[in-house]
Amino acid sequence: MIKDLVLDPSGRDCTDVAHSVAAVASSSALSKAQKFIDDFCPEGGWAQKSGLDKTKPVALGSYDELYQRDDVDLVYIATPHTLHSSVAKAALEAGKNVLVEKPATLNAKEWDILVETAKIKGVFLMEAVWTRFFPLAYKYHELLHEQRVIGDIRNMSADFGLGFYDQLPDTHRVFNPDLAGGCQLDLGPYTILWALLTLYHHPANKGAEPSRMISSMIPHPRTGVDLYSTIIMDWDNLLARANLNANNAVSTPPDVGVLVTGTKGSIIIPGGLSRPDKIIVRRNKPGDSPFRIELDEEVFDFPVQGFGLHWEADAVARSLRDGEKENPRMPWNESALTMRIMDKWREQVGYKYPAGLEQA
Ligand SMILES: NC(=O)C1=CN([C@@H]2O[C@H](COP(=O)(O)OP(=O)(O)OC[C@H]3O[C@@H](n4cnc5c(N)ncnc54)[C@H](OP(=O)(O)O)[C@@H]3O)[C@@H](O)[C@H]2O)C=CC1
Ligand SMILES: O=C1OC[C@@H](O)[C@H](O)[C@H]1O
């Protein structure tokens, strides 16, 4: 995130907001926070680098100190998942606006408590689903739901695999049950995101949640967290299905990440569902039979400057500037829905967090 805040926003045609890094806090060592600043933002974010803001980032040796500072407008929380709920709650209670990494929390109840706290305190809260803010994601909506380039959507699949198995130690947060490891919480928010953009956001859906859901998982042989996870969700009202797969055993090949098939063609978003840079539209040729489909292909490229977290940061800055408490592109109810889907997934596959991990 910080690497993107340092970039000149005009490189992405952004002229109305710019970012400062007021402080960096470490819960384990002040020197770690200082090293982070030295390595990534010695002069601060672009607003500081360009002289718009005369301050410099300060290093802090605890999270509490961050919440107490008057010059901190927003706390960005990028701790392991298990701490999202408690760290966000403490920041909200101190009256800070909060951007918390995905997954929002460990369960829907924890998220509801954060929303209630944000309401009581009158502050901003958002889950950091950065991919939603990519220009590509807005174009996806336009192609699918406004231009209807593939006709009626019948099926979508999203596959996000990162082959960390045997590459990362079992103690890494991705595999460690005590840090709520597993692919569903870590990569699943992205596959669910694409299902929501495709079917939940369908203009004919009118906010309906899936009619049914079926889940599966293969546990990590040593740590027991989910190494593979599958969720199938049906929207009967749309006559459409979402088939979502995440795994940490093998990386998804780069040519297919999201595949949406409709009555007039298909849309592909190549792999790396968190950070896509291309949409491929394939239109069926008139007169094709169900057994033989010929295709016209059109490719839309969306090169990403930096890592791509800046679009989300710009959107959050505009929300704060405009006094919004939630961002309409990543509203509280869609984080709640995502958490409820993952709660149901755990219930269906029989996966339980270690005792004491959940705060609610
Ligand atoms: N949007 C995106 O692209 C990405 C999002 N994420 C999300 O960000 C979060 C953090 O991921 P990642 O950066 O890989 O996590 P790390 O394991 O690197 O942890 C991040 C920091 O959390 C702090 N921390 C506080 N308590 C603990 C603890 N008990 N154990 C370990 N660290 C602790 C540490 O900083 P300190 O000790 O200094 O306080 C640590 O450096 C995850 O929820 C993940 O889903 C991750 C990667 C990319
Ligand atoms: O995009 C991502 O890729 C790697 C993951 O471990 C991380 O949490 C995720 O956000």
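A charge sits over a ring if NZ of Lys or CZ of Arg is within 6 Å of the ring centre and within 35 degrees of the ring normal. The model is predicted: local features need pLDDT of at least 70, side-chain atom pairs count only at pLDDT 80 or more, and totals for chains, interfaces and linings use all residues. Residues are numbered from 1 along each chain as its sequence is written, and side-chain values use heavy atoms, without hydrogens and water.

**Exercise 1.** Find what lies over the face of Y138, and what sits over the ring of F307.

*Solution.* Start with Y138. R329 lies over its face, at 4.0 Å from the ring centre. Go on to F307. The charged end of R275 sits over that ring, 4.6 Å from its centre. F307 also belongs to a cluster that ring pairs link, with W130, F134 and W311.

**Exercise 2.** Classify the aromatic pair of F36 and F40.

*Solution.* Rings of Phe, Tyr and Trp (its six-membered ring) pair if their centres lie within 6.5 Å; planes under 30 degrees apart are stacked, over 60 edge-to-face, the rest tilted. The structure holds 8 such pairs. For F36 and F40, the centres are 4.9 Å apart and the planes 55° apart, so the pair is tilted. Both residues lie in helix α2 (residues 30-40), 4 residues apart, about one turn of the helix.

**Exercise 3.** Describe how α5 packs with α6.

*Solution.* Take the angle first. Helix α5 (residues 84-93) and helix α6 (residues 108-121) pack at about 10°, with axes 9 Å apart. That makes α5 roughly parallel to α6 (angles under 35 degrees).

Note on methods: Chains are lettered from A and ligands numbered from 1 in the order in which they are written. Axes are lines fitted to C-alpha atoms, for helices over the stretch in contact, and angles run from 0 to 180 degrees between N-to-C directions. Helices (H or I, at least four residues) and strands (E, at least two) are DSSP runs, numbered from the N terminus. Angles under 35 degrees count as roughly parallel, over 145 as roughly antiparallel, 65 to 115 as roughly perpendicular and the rest as oblique.
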